[in-house]
Amino acid sequence: MRPVCLLVPLCLGVGVMAGKYSREVNEPKPSGSDGQPVEFRIAKLNQVWEKAKRMQLSPVRQAELHSDLKIQEKDELLWKKMKVEGLDENGEKEAQLRRNFNVILAKYGMDGKRDTRPLESNSLKDHDNKEGDIFDDPRLDKLWNKAKNSGKFSDEELLNLKRELQHHKDKIHEYNILMDTVSRTEEIHKNVISPLEGDAKEHVLQQKHTELKDKMRGLNQGFERLRKISHEGFSDDSEFREPRVIDLWESAKRSNLSREELDSLKEELHHFETKVEKHSHYQEQLELSHQKLRHVATLGDKEHIKRTQEKYDSLAEKTRDMGYKMKKHMQDLSNKISRQGLQHNEL
């Protein structure tokens, strides 16, 4: 079972609000050493992007990769500023960035390992799934089949439940990738010679094990919530519909936020949910636009192909930019809830 993971990027301060996302995305594209424009300001990210364009990724998946690389670029540039100012002496943030980059490679099948996951595993394809076992996970399939046959759910509620189950499957894959990354890092650190360097890296590894334990606890709590829903149905006081927003809200309710902070966060999450839904709509339109482009290409009308290609390219860029802003906003919300953002406002 290899569900899709979600990135856990370098923590940023929580003061970055929605107005800054547009500014970050609208920065002019950088140029390479030959003066030609490139997609990213970091060479290894451009190499990944160029390789991805040669792979048979769906338009939505390619747009997701671009957003993830944009997050990685922003975090690496912030880390370089940290390093200049002497703020990452123990190398903790550098190790986190390296791990995040490895997660991206694993997520999109670019880490050199064979990936048996279906190429099309995003929620846009939910309606094409066959009856029966659709999650490749006996526990999730059992919950789904029980709910589907119970008669307690409307068609809309079943769709929402299916999205939540898929999201849980994705989180399991995220956990597995992080666990694999930590295991490989431990193997490398066994060969460390310097005791001082070894102590510093041991501290980082202990933090990663704590992170894994927290994620496993979250997975267990999330599954129990899904189990309860599949048996009893959705409650009338459900605050949100989007799985990622529900996750944030459930985490917030388990945190030490005050009632006033929770009320403020709830309002912000409603705004964020609108942003997530808008992004999902753009992803659907991008998929449809790609299908139209493929159809037009078979007709051989060059002018028609050119116009359709231009519309598709414009929509793909909007979808990538919207995905980046959404993931950046989610990053800030996660930091606000966990209170684990960087302690320095210089970033």
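Biologist: Is Glu273 buried or exposed?

Modeller: Keeping in mind that this is a predicted model, Glu273 counts as buried because its relative accessible area is 3%, which is under the 20% cut-off for that class.

Biologist: And which residue does Glu273 form a salt bridge with?

Modeller: The partner is Arg241, and the closest N and O atoms of the two are 3.7 Å apart. This pair links distant parts of the chain, since Arg241 lies in the loop between α7 and α8 while Glu273 belongs to helix α9 (residues 259-297), 32 residues apart. Arg241 has a relative accessible area of 38%, so Arg241 is partly exposed.

Biologist: What about Glu242, which residue does that side chain meet in a salt bridge?

Modeller: Glu242 meets the side chain of Arg163, with a distance of 2.4 Å from N to O. Here too the pair links distant parts of the chain, with Arg163 in helix α6 and Glu242 in the loop between α7 and α8 (243-254), 79 residues apart. Glu242 counts as buried because its relative accessibility is 5%, whereas Arg163, at 21%, counts as partly exposed.

Biologist: Where do Lys70 and Glu73 lie?

Modeller: Both are in helix α3 (residues 59-84), three residues apart, which is about one turn of the helix.

Biologist: How many salt bridges does the structure hold, and which residues are linked in a network?

Modeller: The structure holds 22 salt bridges, and a network of them links Glu64, Asp68, Lys107 and Lys327.

Biologist: Which residues line the largest cavity?

Modeller: The lining is made up of Arg99, Leu178, Val182, Lys208, Glu211 and Leu212. Two elements, α6 (155-189) and α7 (195-232), each give two or more residues to this lining, and α7 gives the most, with three residues.

Biologist: And by class, what does the lining of the largest cavity have?

Modeller: Sorted by class, the lining of the largest cavity has three nonpolar and three charged residues, with no polar ones.

How values were computed
Residues numbered from 1 in each chain as written. Predicted model: local features only at pLDDT ≥ 70, side-chain atom pairs only at ≥ 80, totals over all residues. Heavy atoms only, no water. 1 Å grid on protein atoms, 1.4 Å probe; cavity = no way out; pocket = protein on both sides within 12 Å on 5 of 7 lines; lining within 4 Å. Helix = DSSP H or I, 4+ residues; strand = E, 2+ residues; numbered from the N terminus. Nonpolar A, V, L, I, M, F, W, Y, C, P; charged D, E, K, R; others polar. Salt bridge = Lys/Arg side-chain N within 4 Å of Asp/Glu carboxyl O. Buried < 20%, exposed > 50% of the residue type's maximum accessible area, 1.4 Å probe, protein only.
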